[in-house]
Number of protein chains: 2
Amino acid sequence: MQLQRSLASLPGVLDAGVVMGTGANKDILAQSQLLTSEAQAAAADDLVIVVNAESDEAATTALEQVDELLARRRTGVEQDYRPKSLKSASDMLPSAQWVLVSVPGRYAAGVAREALREGKNVFLYSDNVSLQDEIELKRLAASKSLLVMGPDCGTAVVNGVGLGFANQVRRGPIGLVAASGTGLQQVCARIHQLGGGISHALGTGGRDLSEAVGALTAHQELELLGRDPSTAVIVLMSKPPSHRVARELLAAARSVCKPVVVDFIGYSSSSRRVGNLYFASTFDETAEVAVQLSKQPAQDRKALDVDRFAPGQRYLRGLFSGGTMAYEALLLLQDYVPAVYSNAPLDEQNRLDSAMVSQAHTIVDLGGDEFTVGRLHPMMDNDLRIRRLQQEAADPEVAVILLDVVLGHGAHPDPASELAPAIASARGTAAAAGRHLEVVAVVVGTDEDPQDIASQVQQLQQAGATAYYSNDATIELVGGLLGALNPEPWTSKLPAVDLSVLNQPLAAVNVGLESFTDSLALQGAATIHVDWKPPAGGDERLMDILERMRG
Amino acid sequence: MQLQRSLASLPGVLDAGVVMGTGANKDILAQSQLLTSEAQAAAADDLVIVVNAESDEAATTALEQVDELLARRRTGVEQDYRPKSLKSASDMLPSAQWVLVSVPGRYAAGVAREALREGKNVFLYSDNVSLQDEIELKRLAASKSLLVMGPDCGTAVVNGVGLGFANQVRRGPIGLVAASGTGLQQVCARIHQLGGGISHALGTGGRDLSEAVGALTAHQELELLGRDPSTAVIVLMSKPPSHRVARELLAAARSVCKPVVVDFIGYSSSSRRVGNLYFASTFDETAEVAVQLSKQPAQDRKALDVDRFAPGQRYLRGLFSGGTMAYEALLLLQDYVPAVYSNAPLDEQNRLDSAMVSQAHTIVDLGGDEFTVGRLHPMMDNDLRIRRLQQEAADPEVAVILLDVVLGHGAHPDPASELAPAIASARGTAAAAGRHLEVVAVVVGTDEDPQDIASQVQQLQQAGATAYYSNDATIELVGGLLGALNPEPWTSKLPAVDLSVLNQPLAAVNVGLESFTDSLALQGAATIHVDWKPPAGGDERLMDILERMRG
């Protein structure tokens with residue numbers, strides 16, 4: 001593009017275009033009135049040079065200077081000898097853990113494959129690489145405990161050194177994994193602006209969380225940052241992911257003992273916090289939450305005591321009097337267990353066969369229309385709920401009972417006086433059979449309600465229930481217990497990548513855009529530029545001109 | 001249900017069931033081993049009384065006492081004379097603005113209709129009311145500037161008085177509109193627990209935001225709270241709404257000059273803040289945000305100056321170098337304008353016919369694969385972007401140009417040196433044609449980047465651009481401008497409801513559950529209970545027993 005600008009600045013030249021003859025580039029030429037019939041006839045592989053000049057003479061003069069102008073290319077870092085192959089470059093810089101690849105897309109997979117064979121991790125900047133090549137490269141890399149960031153990976157920061165496009169940011173405890181280029185740059189920049197700092201920022205390529213690729217690279221990188229002692233808080237970002245792949249990656253993130261801030265574009269979690277996961281919805285918010293967490297003292301995650309339960313105890317039974325309370329519980333529990341059945345389900349496929357009989361995890365709305373014909377509402381009358389409570393307590397697979405206790409005008413004048421003995425009796429039934437029954441109650445009410453909320457809570461607690469006012473806190477406990485009782489672990493089947501890839505001084509071989517070599521050198525990284533030529537099949541003269549233009 | 005408990009406590013009685021003979025109730029009887037063959041044969045309208053006793057004698061004795069037990073019903077507030085009709089009750093308490101209806105579902109619509117004809121607002125607690133009746137009632141109400149909260153409206157607080165089930169909460173500046181019962185109770189209770197207070201909490205019935213009902217009541221109530229001087233912050237809640245209806249209601253909420261906290265279950269907005277709307281995802285969060293806002297000094301909403309634009313200027317053109325930056329902009333703008341076209345659209349139906357030509361609101365990712373074959377990435381080379389900028393500036397319908405300027409290693413060493421003159425020239429082109437061109441740039445970078453971020457920002461600003469580091473702030477400005485230039489107003493076609501319905505001392509006629517009359521009286525509200533009987537077609541004896549049981 002320097003050539004284009006140099007041409008356009010010559011005397012008598014009005015405008016100039018220097019592009020490959022692709023359809024898109026022809027459209028752009030056309031919009032600038034530069035699409036001559038010869039240019040129109042060019043093939044995608046042709047280099048098109050068009051000059052719009054005041055006179056034929058000016059145009060001819062300009063075109064004659066192309067070779068001279070190309071010679072004026074900016075000279076980068078001095079490098080006495082330029083190896084012609086990746087192999088010889090690797091021999092010259094044996095400490096290089098990384099190979100940066102930015103050759104044209106059709107050659108990129110080949111170069112990346114060669115780098116993997118040399119035992120190098122790959123930063124694959126090139127775009128226009130096929131999905132099939134991506135999958136093969138990532139599988140090959142994983143089998144060798146190596147990483148392939150990309151293709152179309154715009155940015156990364158490894159051990160303080162930016163690869164590709166990268167902002168200069170403060171070092172710090174936040175490690176990032178992103179299937180996104182400028183998104184990752186913006187979050188890193190915002191973290192820096194907010195006073196935070198980065199351990200490593202790892203790209204994956206924008207398609208990594210697609211169904212086809214299955215987040216191969218993101219899983220490797222997440223696991224790596226989980227082990228990395230310089231990372232205390234992890235950020236996980238992605239362009240719109242496959243729902244299934246996202247869920248699997250989040251399951252892996254749940255098993256990492258560090259807080260993880262998640263910003264998956266277009267993936268909505270039901271609540272902003274699920275265990276150690278913090279969901280953010282914009283780049284700004286992602287950076288803010290990550291910085292905030294990085295400044296908090298590291299918290300030991302509260303271990304939930306699930307040893308008290310007998311083998312086989314695993315299910316939730318929620319017995320609700322409030323429809324919307326039941327609904328929110330269903331919604332929030334989505335992030336903890338795959339399915340909760342109900343008479344008022346989120347999804348018709350989780351509808352209970354009979355509202356009278358629970359199955360697996362169940363939340364039943366006892367205020368539903370089917371229960372209130374010819375009956376008082378369960379906020380006024382506890383009979384139905386008490387009967388159901390006994391029924392659930394007798395089920396050996398039930399571990400947790402969840403109740404809402406709604407106080408206030410119009411409601412039962414003293415619900416705990418009836419519910420508490422029933423809870424004690426239900427827990428007794430379970431205990432007699434050698435089981436622990438966790439009863440959790442969310443109490444809706446105020447200190448000015450007619451029922452005396454303090455006494456209500458006290459009665460429930462004395463019966464052995466855990467009582468909360470907050471629905472979020474309730475679901476965090478219940479969801480945590482269900483998660484622990486129904487483990488859905490993502491156990492990495494991939495060989496672990498050695499931490500040295502992050503924590504040794506970065507050294508890299510660069511194949512492609514020479515400016516990336518300059519950039520690495522400016523950041524103090526050991527680097528070597530390969531004087532790459534396309535394989536024999538390529539049009540060498542054309543590639544040479546392109547290479548020189550890119551210089 | 002008191003009868004059931006009284007029977008069960010008689011000597012020799014093991015258990016008892018007193019229910020209407022519906023299928024669901026029979027199932028419940030069966031689970032308690034109370035479903036005799038006679039009970040099985042009962043019709044839905046039959047009252048079923050079953051006693052499980054130690055002996056036939058005990059059972060017979062118990063059943064003989066039904067009438068006597070019924071006579072023991074709790075006596076409520078003394079009321080010398082009980083009007084038999086709504087009409088005479090209204091005459092006795094002419095100040096009553098409200099009628100509470102909790103008669104069985106099949107009679108409820110009739111009673112509500114009668115109340116509306118009397119010019120009363122209706123709190124319709126009854127469930128099992130048809131959708132058709134709901135729509136008719138709400139239309140009738142709207143035409144008379146009256147409200148119908150419900151059917152199946154569990155709770156409301158009007159001028160400090162709770163209707164139906166309601167917690168006793170502090171008075172304060174937060175007004176709520178909710179298509180949700182216990183959800184509204186929980187948010188009100190949490191607001192109180194957090195030290196906040198309520199002006200009014202208005203229910204709508206859980207189906208109000210359905211496609212069929214179209215949020216008739218929510219629109220009325222939102223508009224009412226918008227005018228209510230005692231309300232400074234509004235909360236809008238709903239069970240899963242129709243997407244279209246939710247969008248319309250949110251458009252109305254945008255036109256209210258008060259902050260509105262939105263918690264629509266299952267409706268995800270792209271960002272947490274859109275103008276005066278604050279999106280929350282749980283009851284707890286809704287309460288927290290509302291309390292926080294209610295304690296901030298009322299802010300005048302910054303008026304956006306859109307008078308500078310010429311008539312016809314209305315569109316956005318976003319020219320991005322970063323793919324994910326473009327994606328987030330597309331995503332966040334969804335909350336401001338119906339559609340933004342792109343070469344990388346959120347939704348295929350918004351794909352640009354040609355990436356080279358913008359249409360309506362457009363965001364083009366100039367780093368997309370189609371632009372980078374045989375070309376440098378736009379983060380390195382500004383040529384393509386500068387050409388497109390001139391092209392957009394010449395379009396008389398374009399009002400706002402949005403750019404990302406990505407700094408850092410690998411990127412152009414001084415992008416502003418090329419972009420700023422182009423911005424100045426584009427603005428000049430527009431100005432020469434009598435137009436104002438708003439150019440907004442989001443700058444991705446840090447103070448340690450090689451480009452000198454301060455000088456980059458300064459160059460952009462001197463060219464007349466507005467520059468931000470934050471994407472959220474950028475979209476708030478751009479979205480706000482687009483909203484103002486493309487008004488999508490929800491202009492209420494409904495006659496306004498008079499504020500006196502909220503702000504005069506609450507007085508109500510109660511038809512149905514007698515405990516609601518007691519509850520109103522205990523809260524100091526003027527109230528009168530109607531000695532309601534079902535119309536001639538009803539089984540009067542049965543209804544009488546039921547009424548006495550409910551007392």
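Student: Which residue of chain B meets the side chain of Asp15(A) in a salt bridge?

Tutor: This is a predicted model, in which local features need pLDDT of at least 70, side-chain atom pairs count only at pLDDT 80 or more, and totals for chains, interfaces and linings use all residues. Residues are numbered from 1 along each chain as its sequence is written, chains are lettered from A in the order in which they are written, and side-chain values use heavy atoms, with hydrogens and water left out. A salt bridge is a side-chain nitrogen of Lys or Arg within 4 Å of a carboxyl oxygen of Asp or Glu. At 2.7 Å from N to O, the partner of Asp15(A) is Arg387(B).

Student: How many salt bridges does the rule find across the interface of chain A and chain B, and how many residue pairs are in polar contact?

Tutor: The rule finds 2 salt bridges across this interface. A polar contact is a pair of N or O atoms within 3.5 Å; within protein, one must be able to donate a hydrogen and the other to accept it, and residues adjacent in sequence count only if both atoms are side-chain atoms. With both residues at pLDDT 80 or more, the number of pairs in polar contact between the chains is 43.

Student: Which helix gives the largest share of the side of chain A that touches chain B?

Tutor: Helices (H or I, at least four residues) and strands (E, at least two) are DSSP runs, numbered from the N terminus. The largest share is 8 residues, and it comes from residues 182-193 of chain A, which form helix 9.

Student: How many residues does chain A bring to the contact, and how many does chain B bring?

Tutor: Contact means heavy atoms within 4.5 Å. The contact takes 102 residues from chain A and 101 residues from chain B.

Student: What rotation superposes chain A on chain B, and why are the copies related as by a two-fold axis?

Tutor: Copies are superposed by least squares on the C-alpha atoms of residues with pLDDT of at least 70 in both. The superposition has an RMSD of 0.1 Å and a shift of 0.0 Å along the axis, with a rotation of 180°. The two copies are therefore related as by a two-fold rotation axis.

Student: Which residue of chain A has the C-alpha nearest the axis?

Tutor: The C-alpha in question lies 3.6 Å from the axis, and its residue is Ser268(A).

Student: Is Ser358(B) buried or exposed, and with which side chains does its own side chain make polar contacts?

Tutor: Ser358(B) stands in the loop between strand 15 (341-342) and strand 16 (362-365) of chain B. Buried means under 20% relative accessible area, exposed over 50%, and partly exposed in between (1.4 Å probe, protein chains only). Because its relative accessibility is 14%, Ser358(B) counts as buried. Its side chain makes polar contacts with the side chain of Arg388(B) at 3.0 Å and, at 2.5 Å, with that of Glu392(B).

Student: Where in chain A is the residue that Gly150(A) joins by a cis peptide bond?

Tutor: The peptide bond from Gly150(A) to Pro151(A) is cis, with omega near 5°. Pro151(A) lies in the loop between strand 5 (148-149) and strand 6 (155-158) of chain A.

Student: What is the phi of Asn128(A), and why does this residue count as partly exposed?

Tutor: Asn128(A) is found in the loop between strand 4 (121-124) and helix 8 (131-143) of chain A. Its phi is positive, near 55°, in a residue other than glycine. Asn128(A) is partly exposed because its relative accessible area is 38%.
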